[in-house]
Amino acid sequence: MIRVYVTRQSRYPADTKSLKLRVVKTLREKNVQDGVVSIILVGERKIRALAKRYLGEDSRYPLHEVLSFPASDQNTKYSSLELGDIFVCYPEARDIAMKRNRMVDDVLGELVEHSTLHLLGIHHD
């Protein structure tokens, strides 16, 4: 069974059901049938704090729209029930949506789907 949990640091409006479905769909496409993924919607301060703590980046670096943290370093094995955490910077996702004339929920879904692949060890160039 795939379980997806969504937490909001603030009262960010988001279609949490749609976010969960995007994660489940992405995992099933990669033949993952069991796992737990946590999605956390955060603000700019929190995403910067995470970038500083885990990536060594300070405020001189551009703001991340999303950060993913796999639960395991064994990216080729999906046997671990806990797949990892996805932190999405809601204000940054909202800005991207405005710049691209898109719905915020669509941008959030794309970010979450992309990050789910990162949790599985699938990265881009």
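In which sense do strand 1 and strand 2 pair, and over how many bridges? In this predicted model, strand 1 (residues 2–8) and strand 2 (residues 35–42) pair in the parallel sense, and seven bridges hold the pairing. One of the bridged pairs joins Thr7 to Ile40, the latter lying in strand 2.

Strands of a sheet pair through backbone hydrogen bonds, and the pairing may be parallel or antiparallel. Here four strands make up an open sheet in the order 1-2-4-3, with mixed pairing. Strand 1 and strand 3 (66–70) are the edge strands, each of them pairing on one side only, and from one strand to the next the twist averages 15 degrees. Strand 2 also pairs with strand 4 (residues 82–89), to which it runs parallel and is joined by seven bridges; in that pairing Val36 has Glu82 of strand 4 as its bridge partner.

**Helices across the sheet**

Helix 3 lies across strand 2 and strand 4, and its direction makes an angle of about 60 degrees with strand 4. Helix 4, in turn, lies across strand 2, strand 3 and strand 4, running at about 145 degrees to strand 4.

**Helix against helix**

Two packed helices are described by the angle between their axes and by the distance between those axes.

| Helix pair | Axes come within | Crossing angle |
|---|---|---|
| Helix 3 (residues 90–100) and helix 4 (residues 104–119) | 8 Å | roughly 115 degrees |
| Helix 1 and helix 4 | 9 Å | roughly 35 degrees |

Helix 3 passes helix 4 in a right-handed crossing. On the side of helix 3 the contact is made by Tyr90, Ala93, Arg94, Ile96 and Ala97, and on the side of helix 4 by Val104, Val107, Leu108 and Leu111. Sorted by class, this contact of helix 3 with helix 4 has eight nonpolar residues, no polar residues and one charged residue.

The crossing of helix 1 and helix 4 is likewise right-handed. In this second contact, Leu19, Arg22, Val23, Thr26 and Leu27 of helix 1 meet Asp106, Leu108, Gly109, Glu110, Val112, Glu113, Thr116 and Leu117 of helix 4. By class, the contact of helix 1 with helix 4 has six nonpolar, three polar and four charged residues. Leu108 of helix 4 is therefore named in both contacts, with helix 3 and with helix 1.

**Salt bridges**

Side chains of opposite charge can pair when their charged atoms come close. Across the whole structure, a search finds four salt bridges.

Methods
Residues are numbered from 1 along each chain as its sequence is written. This is a predicted model: local features need pLDDT of at least 70, side-chain atom pairs count only at pLDDT 80 or more; totals for chains, interfaces and linings use all residues. Side-chain values use heavy atoms; hydrogens and water are left out. Axes are lines fitted to C-alpha atoms, for helices over the stretch in contact, and angles run from 0 to 180 degrees between N-to-C directions. Helices (H or I, at least four residues) and strands (E, at least two) are DSSP runs, numbered from the N terminus. A crossing is left-handed if the near helix is turned anticlockwise from the far one by less than a right angle, and right-handed if clockwise. Contact means heavy atoms within 4.5 Å. Ala, Val, Leu, Ile, Met, Phe, Trp, Tyr, Cys and Pro count as nonpolar, Asp, Glu, Lys and Arg as charged, and the others, Gly among them, as polar. Two strands pair if DSSP finds at least two bridges between them. A salt bridge is a side-chain nitrogen of Lys or Arg within 4 Å of a carboxyl oxygen of Asp or Glu.
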